[in-house]
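Visitor: I'm new to reading protein structures. Could you walk me through this one, feature by feature?

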Amino acid sequence: MKLLILFLLSTAMFAQTNSSASDSSSVRKPFSSGDVEISFLGGYAHTTYETTYSYSYPNPHEATSKSSIDVIDLGGTIGFYFAQGLSFEPELKFSYSFGKSGGSNFVYSVIGNLSYTHLFKEGKYAMFIRAGYGTANGVPILPPNDLIYKVGADKNSQILNFGIGTKSFLTENILLRTELGYTSYSDSDDKKTYGITGYKTSYSFVKVLVGLSFLL
């Protein structure tokens with residue numbers, strides 16, 4: 001009888017252990033397919049802008065002007081996870097500039113990013129890398145600087161975007177997000193006017209961003 005009781009107890013304990021292991025293995029990991037991540041970021045950006053003009057007069061030649069400025073960068077993304085760690089992150093920015101002569105410009109940029117997030121075994125933090133391509137009708141640069149570059153109404157600027165950073169869990173669904181990013185805007189034109197046969201313009205942003213992410 002004692003042997004039967006010991007057998008039943010040991011069997012019950014073994015079943016309970018297996019059940020716990022099964023439950024822990026079935027726990028849903030963050031950044032899984034179907035998850036949504038909303039992020040709000042802001043920080044410092046060092047911006048370099050360069051324009052190269054092509055001239056036909058008095059002889060064919062090129063001239064380049066280059067300058068830089070430090071600006072504030074604000075933005076937000078929403079990530080849709082379609083596989084473990086893999087997400088599509090559309091990024092949208094708007095600016096509205098008021099001209100000194102009463103005119104105004106509406107400036108937007110749209111970027112489609114692909115991102116990979118690697119969750120470490122401890123489950124408390126992760127690293128991510130992302131890259132994307134987009135378009136804009138200008139270059140939105142926020143205050144305290146008044147410079148907003150506006151592309152012509154009949155054309156857009158092309159955007160390349162890269163970022164690498166960390167995500168640290170503050171709670172189960174709220175994360176502290178840091179990112180080192182690079183974004184470039186470029187466009188060109190071949191219109192001929194006053195001896196200029198065309199020009200190429202590029203804006204490069206090197207950014208250090210901090211913000212919060214909400215995992216839904």
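Visitor: Leaving aside its neighbours within four places in sequence, which residues is Thr-166 in contact with?

Guide: Before that, a word on what you're looking at. This is a predicted model, where local features need pLDDT of at least 70 and side-chain atom pairs count only at pLDDT 80 or more, while totals for chains, interfaces and linings use all residues. Residues are numbered from 1 along each chain as its sequence is written, and side-chain values use heavy atoms, with hydrogens and water left out. Now, contact means heavy atoms within 4.5 Å. With neighbours within four places set aside, Thr-166 is in contact with Ala-126, Met-127, Phe-128, Leu-176, Arg-177 and Thr-178.

Visitor: Where does Thr-166 sit, and how far is its C-alpha atom from that of Leu-176?

Guide: Helices (H or I, at least four residues) and strands (E, at least two) are DSSP runs, numbered from the N terminus. Thr-166 belongs to strand S8, residues 157–169. Its C-alpha atom is separated by 8.1 Å from that of Leu-176, 10 residues apart along the chain.

Visitor: Is Thr-166 buried, exposed or partly exposed?

Guide: You read that from relative accessible area: buried means under 20%, exposed over 50%, and partly exposed in between (1.4 Å probe, protein chains only). Thr-166 has 28%, so it is partly exposed. Compare Val-107 in strand S4: its relative accessibility is 0%, so it counts as buried. Val-107 and Asn-137 are 30 residues apart along the chain, with their C-alpha atoms separated by 5.9 Å.

Visitor: Let's step back. How many helices and strands does the protein have?

Guide: There's one helix, plus 10 strands. Reading from the N terminus, the order is α-β-β-β-β-β-β-β-β-β-β. Of the protein's 216 residues, 33% count as buried. And among contacts between residues at least 6 apart in sequence, 63% join residues at least 24 apart.

Visitor: What happens in the loop between H1 and S1?

Guide: Two residues there are worth a look. Phe-31 lies in that loop, between helix H1 (2–25) and strand S1 (36–55). With a relative accessible area of 0%, Phe-31 is buried. Its phi is near 65 degrees, a positive value in a residue other than glycine. Ser-32 is in this loop too, and at 9% relative accessibility Ser-32 counts as buried. Not counting residues up to four places away in sequence, Ser-32 touches Tyr-81, Ala-83 and Gln-84. Ser-32 and Tyr-81 are 49 residues apart in sequence, yet 6.3 Å apart in space, C-alpha to C-alpha.

Visitor: Which residues make up the largest nonpolar core?

Guide: The general idea: a nonpolar core is a set of buried Ala, Val, Leu, Ile, Met, Phe, Trp, Tyr and Cys residues joined through side-chain atoms within 4.5 Å. Here the largest has nine: Ala-45, Val-71, Ile-111, Ala-136, Val-139, Ile-159, Tyr-185, Tyr-203 and Phe-205. A second, separate core has six residues, including Phe-31 and Tyr-81.

Visitor: How many cavities of 30 Å³ or more does a search of the whole structure find?

Guide: First, the idea. On a 1 Å grid over the protein atoms alone, a cavity is a set of points where a 1.4 Å probe fits but cannot get out, and lining residues have an atom within 4 Å of a point. Grid points are joined across faces, edges and corners, and a volume is the space filled by probe spheres set on the points. The search finds two cavities of that size. Of the 11 residues lining it, the closest to its centre are Asp-73, Lys-93, Thr-183, Tyr-185 and Lys-207.

Visitor: What about the second largest cavity, and which strand gives the most to its lining?

Guide: The second largest cavity holds about 60 Å³ of space. Its lining includes Asp-73, Lys-93 and Lys-207. Strand S2 (61–83), S3 and S10 each give two or more residues to that lining, and S2 gives the most, with five.

Notes: On a 1 Å grid over the protein atoms alone, a cavity is a set of points where a 1.4 Å probe fits but cannot get out, and a pocket is an open set with protein on both sides within 12 Å along at least five of seven lines; lining residues have an atom within 4 Å of a point.
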